[in-house]
Amino acid sequence: MAVETKIGGYICSGCDIGSAVDVEALLKMAKSEGCAICKSHEALCSAEGVQMIKADIAAEELNRVVVAGCSRRIKMEEFSFGDKVITGRANIREHVAWVMEPNDEDTQMAAEDYVTMEIHRMKNTDYIEPLVQDIDKTVLVVGGGVSGLRSALAAAGAGNDAVLVEKENLLGGWATKWKKVFPKAAPYKDLADSNVGDLIKKVEANDKIKVYTGSTIKKIHGEPGKFDVTLKGSSTDTFKAGSVVLAAGWKPYDANKLDHLGYGKNNVLTNVQMEEMLNSGGLKRASDGAAPKSVAFIQCAGSRDQEHLPYCSAVCCRVSLKQAKFIRDAYPDTQVYILYKDLRSPGQYELFYKNVQEDEGVFLTKGEVIRVDQLDGDRVEIELEDTLFGENIIVQTDMLVLAAGMVPNTHVEGVAEIMGDEAETAEKPAEAADGEEEADTGASAELGAKILNLSYRKGTDLPTLKYGFPDSHYICFPYETQRTAIFAAGCVRAPMDLASAENDAYGAALKAVQATELIGAGKAVHPRAGDTSNPDFFLQRCTQCKRCTEECPFGTLDEDEKGTPETHPNRCRRCGICMGACPERIVSFKDYSVHIIGEMLKSLEIPEEEDEKPRVLAFMCENDALPSLDIAAAHRMKINPFVRIIPVRCLGSMNVVWIADALSNGYDGVILIGCKHGDDYQCHFIKGSELANTRMENVREKLKQLVLEEERVQIHELSLSEWAKIPQVLDDFIDDIDTVGPNPYKGF
Amino acid sequence: MSTTTVMKPDLEFIRDLKKAGGDTLKKCYQCATCSVVCNLSSKDHPFPRKQMVMSQWGMKDQLLGDPSIWMCHQCMDCTKNCPRDAKPGEVLGAVRAYAFQHFAFPAFMGKALANRNSLPVLLLIPAMVLLGVLLGGSSGDWGYLFQFTGEVELARAFPHGALEMLFIGGNLLIFAFAAVGLMRFWKGLKAFTPGKSGPGFIPAFIAAITELLTHKKFNDCEETKHRYLGHTLMFWGFIGAMATAGFAVFFTIILESMGSPFYLHSPIDLPNPIKILGVVSGIAMIWGGWILIQKRKSEDAPGVSSYSDWQFLYMIWFVGLTGMLTYILRLAGIPIVGYAVYYVHLVLVFFLLWYAPYSKFGHMFYRTLALIYAKSVAIDNPRKK
């Protein structure tokens, strides 16, 4: 560190803090821990309090400030004192005053410990120099359907350049094939025309949008803000781009797999084939060229079926209602039967459903299809069970339409299945021989759909979740994928209708625009939006174990031939998973490192065994666990005073050496509290929580070697809505520690 | 379930049902709220959802062959609670109204009763016949009809003998015609609602009649509690009035012709028990009819009544009203008005009786038969309570 740290310590006595802890004692303690100046104030966040700190900074040339008061999640503006001063926040309100017995000995100890830890954090934290860059802010939009068209327009509307790449020779995608679309405006009764023609015209007329048709992407090289894009097909241009919207759309579910629903029999077709027929020659039976007197629709043909598409394709019910309406209007003598599991026509589309249903020639009923047979050579007979009749029913029809579902174009046959197998039989990489296990780090993009052709070490395409959707699927971040600054929009993200696809396009395009802005300023995109820290790799000590490159959920790191990581800061989300992964501990952030956390936990005085005051560390994820505790504190729930909390960026950033340090320093136990992992993960960094669980195996091995009880280190998963459980989780942990007794290494 | 129904939609039937008062039937989205609130519904008989699906799909034969249709007393619990305003209660009423037409023999009578434009012609027939009775019996001396005061001699204007001829003769014919329709109905029940082996016809008949006489099903109606009182009064009032007429014929004509000493001279007057029965019955009919009409008309009535409902209800209420009025006018001694009202009374009585199989009056036959069938094959919808 170029300049010696000079720390100012400020204790807030407002918000009931002053009546719960001895502020004077805290000031004395802060002084003894090395603060150059120590003051208290009854409302530090007030203009007067802030002014006091600012005056001290100027007068005493302070370069670090520790504010002991409320949670670091609030009053961030008030306690920012410019580039030259780093602020640390000791949370003695939510972690102490609000949740512990006022003026108790243990409460005072907790407050002193939090102030001490923060002083030690500040002693070891260095300035961050934001990676401000001159980048290209062009938004690359992949796919020229409604989602892509709207994305390009939205990006251009925000002032960015956009490049639209469409593999077909014409823009418009599926929407150009639809004869009519279901209503888009009140009274939601009648069929409408799609506005795709207008969208195409607007895109073509917009001079901020460059359109390539008949082309696909040969290669995307580099990192966000600096992508080098190369096309193939009609155009082989190369250009720069800053961020990407993937609007690659969908394909119909392969009807050849629906032979159990009659596909392959005479006069059985899919909803897409019906649409194409209505759009070309009109309603005709393949067998005799005549208009059928009856048309039946089987809904959920393949969708909501564990053997086919386990999800609801969202639009098929309305598509069948639309086709029914079209047929009834154009062919009044033709009856339409709609056979459904559940008819889903959400929102205002209920009105459309009602309107179609009123037609006396449209017949709807519920049931599960158990048999589809050819009847008289050219007709079809469908038998349903679980009907509303209390008995099976048979419907006979001249023509059968299978309302088949949507599959994202990122889905590649067999990939999801292979990925499942891989996860189960994954072998430990040779480099991880010391016992750390390799977690499944997402669908291997080598097997991907070859749409983006990223030159990332982790694969050429976006990792997908189990149904083949590239959305990283965390509820707070729609459009987010597992690759930074690449966003998914429209049906490639989730099955949806045209209106939803346009809304989706706005969302994803604006995310893409925002990403270019943040990256240009050297800032992280969500979920640590605005974070300017970056991981530093001390490569001289790298052993090329590749754990960081493998475990980064965002494909940030490439490798040279020897396996040394090559960083790409603009791909990084600053989660610190690489830091948690590195056995050599060569990855660190200026304000968050193995060393800083180690110093913090070592700074505390651990009570002697005979004091009968256990001491445990809780590493809490900043994303859900820490806010949960704040909520619990706001409800004045009681938190065990023997717990000391250290926030972590993600459980995945937790380096196991902290646990070793904690236990060898006499802490009786360590609990990790983070987000849920698994299929329905809530981890904000996709894999962090899962990796932490994997690493716990390794920790348990170590505990065995040290002849320590397994119960001393636990991991707990918590979602924000479970905030009320936090006190119990901590109490239970302390109970477990009481059972196994004090750490035998205490005092060594 | 072993049975399988082939769905063959009949669009014509759907249109007819809509015309008969079921114009909301397509609105149903089969959520089963109706079955949840209906006291006739059970786990194996999700009534009336299944019947709503059958209506929507125009499954005429299945629907007409379903005795459940007649189990419904149109309490309107379903209509009141339907989230789609599909009015299942009205739809079932329309199915029943359609049934009167469908099973009608001769068929044109069914159509005529269902069509409000035919009402004048239908009224004209008994009006002409009774005018004939009046003219035939009076042999030119009509002066007594036009007196403003004096004795009202009803039997002189409309001799009991002639009326009995019309009553008995007409009824025989009508019952024969009705029987044809009811046979068709029974055949449909057997074909489309096969049941288990039940208690046999006679016990089923007794159980059905008991149920009908006590009106206990009406008591299950949540939305229309008043109908228990209204219908009970009307039902027993009508039976009482018919019994009064029967006793009168027996005591004044049959016993006279037999020379029995118990012979009573016409007209029978209070405090003779026969007359008491007549007066009480008349009051019951008027009171019951008033309740039913008022409640059907009130703004918060849970359902809408069809032409078939109103036609029958007003006819039977006017029968009671004119009957009672006739008695009062006879006591008051106002011949000219008394004869006129009595004439109207008789026209309406014969309208009711002669057209019974084709009008809503037919529910008396169809419901009874359906109940007997349902009980005999053990598919009577068990009540929830």
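This is a predicted model: local features need pLDDT of at least 70, side-chain atom pairs count only at pLDDT 80 or more; totals for chains, interfaces and linings use all residues.
Two strands are said to pair if DSSP finds at least two bridges between them.

The contact between the chains involves 17 residues from chain A and 21 residues from chain B. On the side of chain A that touches chain B, at least two residues each are supplied by helix 9 (349–358), strand 16 (362–366) and strand 19 (392–397) of chain A. Strand 19 of chain A contributes the most to this side, with five residues. By residue class, the side of chain A that touches chain B comprises six nonpolar, seven polar and four charged residues.

Chain A itself is divided into domain 1 (1–127), domain 2 (139–249 + 450–520), domain 3 (263–405) and domain 4 (593–748). The centres of domain 2 and domain 4 of chain A, taken over C-alpha atoms, are separated by 42 Å. Four residues from domain 2 of chain A and four residues from domain 4 of chain A take part in the contact between these domains. The side of domain 2 of chain A that touches domain 4 of chain A consists of one nonpolar, two polar and one charged residue.

An open sheet of chain A is formed by four strands in the order 2-1-3-4, with parallel pairing. Strand 2 (37–41) and strand 4 (86–91) of chain A stand at the edges and have a single partner strand each, so one side of each is left without a neighbour in the sheet. On average, neighbouring strands of this sheet are turned by 20° against each other, direction ignored. Strand 1 (residues 7–12) of chain A runs parallel to strand 2 of chain A and is joined to it by five bridges; the bridge partner of Ile11(A) in strand 2 of chain A is Ser40(A). Helix 4 (residues 105–124) of chain A packs on the sheet, where it touches strand 1, strand 3 (64–69) and strand 4 of chain A, and its direction makes about 160° with that of strand 4 of chain A.

A further parallel pairing in chain A connects strand 29 (residues 669–674) with strand 30 (residues 713–717) over five bridges. Ile671(A) has Gln714(A) as its bridge partner in strand 30 of chain A. Together with helix 17 (residues 688–705) of chain A, strand 29 and strand 30 of chain A make a right-handed β-α-β unit.

Notes
Residues are numbered from 1 along each chain as its sequence is written. Chains are lettered from A and ligands numbered from 1 in the order in which they are written. Two residues are in contact if their C-beta atoms, placed from the backbone, lie within 7 Å. Ala, Val, Leu, Ile, Met, Phe, Trp, Tyr, Cys and Pro count as nonpolar, Asp, Glu, Lys and Arg as charged, and the others, Gly among them, as polar. Domain bounds come from an automatic or database domain assignment. A crossover is right-handed if, with the strands pointing away from the viewer, the path from the first strand over the helix to the second runs clockwise. Axes are lines fitted to C-alpha atoms, for helices over the stretch in contact, and angles run from 0 to 180 degrees between N-to-C directions.
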